[in-house]
Amino acid sequence: MKKIKFFVVLNLGLFLTAIGIAIFKTPNHFAFGGTSGISIILATLFPRFNVGSFMWLVNGILVVLGLIFLGRKTMGWTIYSSFALSFYVSLIEKVIVLSAPLTNDTFLELWFAVILPAVGSALVFNVGASTGGTDIVAMILHKYTSLEIGKALMVSDSIIVLIAAYLFGPATGLYCILGLILKGTLVDSVIESFNLRKVCTVVTSKPDPIKNYIIEVLHRSATVEQATGAYTDEEKTILITVLTKREAMLLRNFIHQSDEKAFITIVNSSEIIGKGFRGAV
């Protein structure tokens, strides 16, 4: 079941990315990095071939380089992702033929050109895979030089943006720069929102009903500690549990009904590693 979910989420992420490329990036010449940016530039220089065709070529070259310099084990699902993304872009270009941008609002199209691939990439990264492309170049540079992956990607993407500005004019170039900035910000934000959990700390003198509710109703566990109130010197019990947003709301409502004097703190966290969450075996 986990493998099926992984495969479905991976392909959904790649398909959303392909929609952003084929429908919004390509017609507007939004070349702000990655193999899609390279392919948009090449399709402009060689108009006999579309962006999807060049993505097959560019991704193929990068996969070969990755196998040579990184090895088959490191590449993993990157090989599949690279060619699947190329396939989806080619498929969308055949089904939806656009000779001009979808709308006359360039700024609106920029948002969709950024958001769709950002959400798609976040889905792919969140299941532990990669969309491939220039990520492979970054990994090679990181392995054989002191250059960090993030900086390597920024360098390669910046070069693509400069070429786009030269080919398509300063207005498109500025849109590409804006898209590049938004892309990096949105991917991180979307990944964090996918993994967002609530860390709930409850200080109470009636721990049993709350503990039973967490275990029997929410099907979660909790860490239980004994404590003493600094002002009252009363014996208290502290329960710490990690829940989803909905579960945290249910727990808060239950505590309000069962112990009005309980003290609750709820904080956000996107890095929960352990049983029942990410990184668990």
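Reader: What should I know about the model and its numbering?
Author: This is a predicted model, where local features need pLDDT of at least 70, side-chain atom pairs count only at pLDDT 80 or more, and totals for chains, interfaces and linings use all residues. Residues are numbered from 1 along each chain as its sequence is written, and side-chain values use heavy atoms, with hydrogens and water left out.

Reader: What makes Arg220 and Glu247 a salt bridge?
Author: The term asks for a side-chain nitrogen of Lys or Arg within 4 Å of a carboxyl oxygen of Asp or Glu. Here the N to O distance is 3.2 Å, so the pair passes. The structure holds 2 salt bridges.

Reader: Where do Arg220 and Glu247 sit in the chain?
Author: Arg220 is in the loop between helix H10 (207-217) and strand E2 (223-228), while Glu247 belongs to helix H11 (residues 245-258). They're 27 residues apart, so this pair links distant parts of the chain. Helices (H or I, at least four residues) and strands (E, at least two) are DSSP runs, numbered from the N terminus.

Reader: Why does Glu247 count as buried?
Author: Buried means under 20% relative accessible area, exposed means over 50%, and partly exposed is in between (1.4 Å probe, protein chains only). Glu247 has 13% relative accessibility, so it counts as buried.

Reader: What about Glu234 and Lys236, and why do they form a salt bridge?
Author: Their closest N and O atoms are 3.6 Å apart, so they meet the salt-bridge cut-off too. Lys236 is at 19% and therefore buried, whereas Glu234, at 41%, is partly exposed.

Reader: Why is the pair of Phe15 and Tyr88 called edge-to-face?
Author: A search of the whole structure finds 11 aromatic pairs. In this one the centres are 5.5 Å apart and the planes make 85°. Phe15 is in helix H1 (residues 2-28) and Tyr88 in helix H5 (residues 77-95), 73 residues apart. Tyr88 is buried at 15%, but Phe15 is partly exposed at 32%.

Reader: Which residues form an aromatic cluster with Tyr88?
Author: Phe15, Phe87 and Tyr88 form one cluster. Asn11 in helix H1 is in contact (heavy atoms within 4.5 Å) with Tyr80 and Tyr88, leaving aside neighbours within four places in sequence. Asn11 is at 10%, so it counts as buried.

Reader: Why are the buried residues of H11 put on the same side?
Author: They are Glu247, Ala248, Leu251 and Ile255. They cover an arc of only 100° around the axis, which puts them on the same side of H11; the arc is that of the directions from the helix axis to the C-beta atoms. They pack against strand E1 (197-204), H10, strand E3 (235-243) and strand E4 (263-269). The face turned away carries the exposed Lys245, Arg246, His256 and Gln257.

How values were computed. Rings of Phe, Tyr and Trp (its six-membered ring) pair if their centres lie within 6.5 Å; planes under 30 degrees apart count as stacked, over 60 as edge-to-face and the rest as tilted.
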